Amino acid sequence: MQRARRGVLMSQALAEAGTGPVELDGGERLQILDALITSIAGAYAHLPAKRAAYASDPVQALTLLRRRAADLSDTEFNRAVSAIVTGLRDAHTRYIGPSTLRDRVAMLPFLVEQYGPESRPRYLVSKINTDAVDDPDFQPGVELEAWNGTPFTRAVENHADLETGGRPDSRRSRALESLTFRALDYGPPPDEHWVIVGYRTKLGRKSEIRLPWRLLTPGKAATAGEPGSRAALKQASDPSAEAVRRAKKLAFATDLWASDHERRTSSEVSAHAKVGEWLDTPMQDVLAARLLSRTVGYLRIWSFDLDDDDAF
């Protein structure tokens, strides 16, 4: 379980993936590009608005990519296509990457939260995967100041340019979500193999830590929807966000993640809990609840990825 929580080094995983067979030949790449050009130029209703808003033409970009597609490596081709589609700034229009990285999530072992005014934001570490961090000073609550030598605020803005939000504030919000956890189904792996994070301790001392990107395979809960099932045809969920949610659960709540692999019935769980305690539930991956008092309760819906809507 500790090994699953820690993940594997991204550099090692990518090297192993690169030794396999070529995923797409030149003709298959042209088929992908032609399908994208036809669908975006002929059926994508938002295209005029996207051209006006971002002063870019994805159809022309795909056409130009078509001329050199056969000369690119698999990584270069998929990265180029992903960048063009992501440039639409549309979370509903995504390019699914190579199968060698399917179901993987790239992770740095901490989460970032922002606070303070928009003009002077500050960033704190909120959670840490202790199995992947050796620095005792790098703890929840330290303030982040730099990312590979770039002031942290500027680094967030740079990463926001690669996200899909339609407005600057939504892109910054998505950038914070994906800064340290990135699903590789819908985007390329990070450019760097490791990140040097500059931070200030709670006592005010400045320090740096070098953290390698790792790959997690979070999998699905036993209650999740299966491909081809009745539920799969009716779901409205974000597979990328779902993969990241599961990866965070693996990294920071490993015991709960492990228990998700066992399907339980209502008769196998306890329906009783004291005030302040979490209720036991047969689908804890998607539902959490606790009593705040004898008359008030708190219900959290984590996900809609499940195969039994009646039980839900």
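At what angle do helix H7 and helix H8 pack, and how far apart are their axes? In this predicted model, helix H7 (residues 152-160) packs against helix H8 (residues 168-178) at an angle of about 105°, and their axes are 8 Å apart. Angles of 65 to 115 degrees count as roughly perpendicular, and H7 and H8 are therefore roughly perpendicular to each other. On the H7 side, the residues in contact are Val156, His159 and Ala160; on the H8 side they are Arg171, Arg172, Ala175, Leu176 and Ser178. Sorted by class, this contact has four nonpolar, two polar and two charged residues.

H3 contributes Arg29, Ile32, Leu33 and Leu36 to the contact, and H6 contributes Asp74, Phe77, Val81 and Val85. By class there are six nonpolar, no polar and two charged residues in the contact of H3 with H6.

| Helix pair | Angle | Axes |
|---|---|---|
| H7 and H8 | about 105° | 8 Å apart |

The next topic is a sheet. Strands of a sheet pair through backbone hydrogen bonds, either parallel or antiparallel. Here four strands form an open sheet in the order S1-S10-S2-S7, with antiparallel pairing. Strand S1 (8-9) and strand S7 (181-183) are the edge strands, each pairing on one side only. Strand S2 (residues 105-107) is joined to S7 by three bridges, and the two run antiparallel. Alanine 106 stands opposite arginine 182, which lies in S7.

The last topic is a single residue. Is alanine 288 buried or exposed? Alanine 288 has a relative accessible area of 12%. Buried means under 20% relative accessible area, so alanine 288 is buried. The residue is placed in strand S11 (residues 287-291). Leaving aside residues up to four places away in sequence, alanine 288 touches Trp278, Tyr298, Leu299, Arg300 and Trp302. Alanine 288 and arginine 104 are 184 residues apart along the chain, and their C-alpha atoms are separated by 25 Å.

Definitions and conventions: Residues numbered from 1 in each chain as written. Predicted model: local features only at pLDDT ≥ 70, side-chain atom pairs only at ≥ 80, totals over all residues. Heavy atoms only, no water. Axes fitted to C-alpha atoms, helices over the stretch in contact; angles between N-to-C directions. Parallel < 35°, antiparallel > 145°, perpendicular 65-115°, else oblique. Contact = heavy atoms within 4.5 Å. Nonpolar A, V, L, I, M, F, W, Y, C, P; charged D, E, K, R; others polar. Buried < 20%, exposed > 50% of the residue type's maximum accessible area, 1.4 Å probe, protein only. Pairing = 2+ DSSP bridges.
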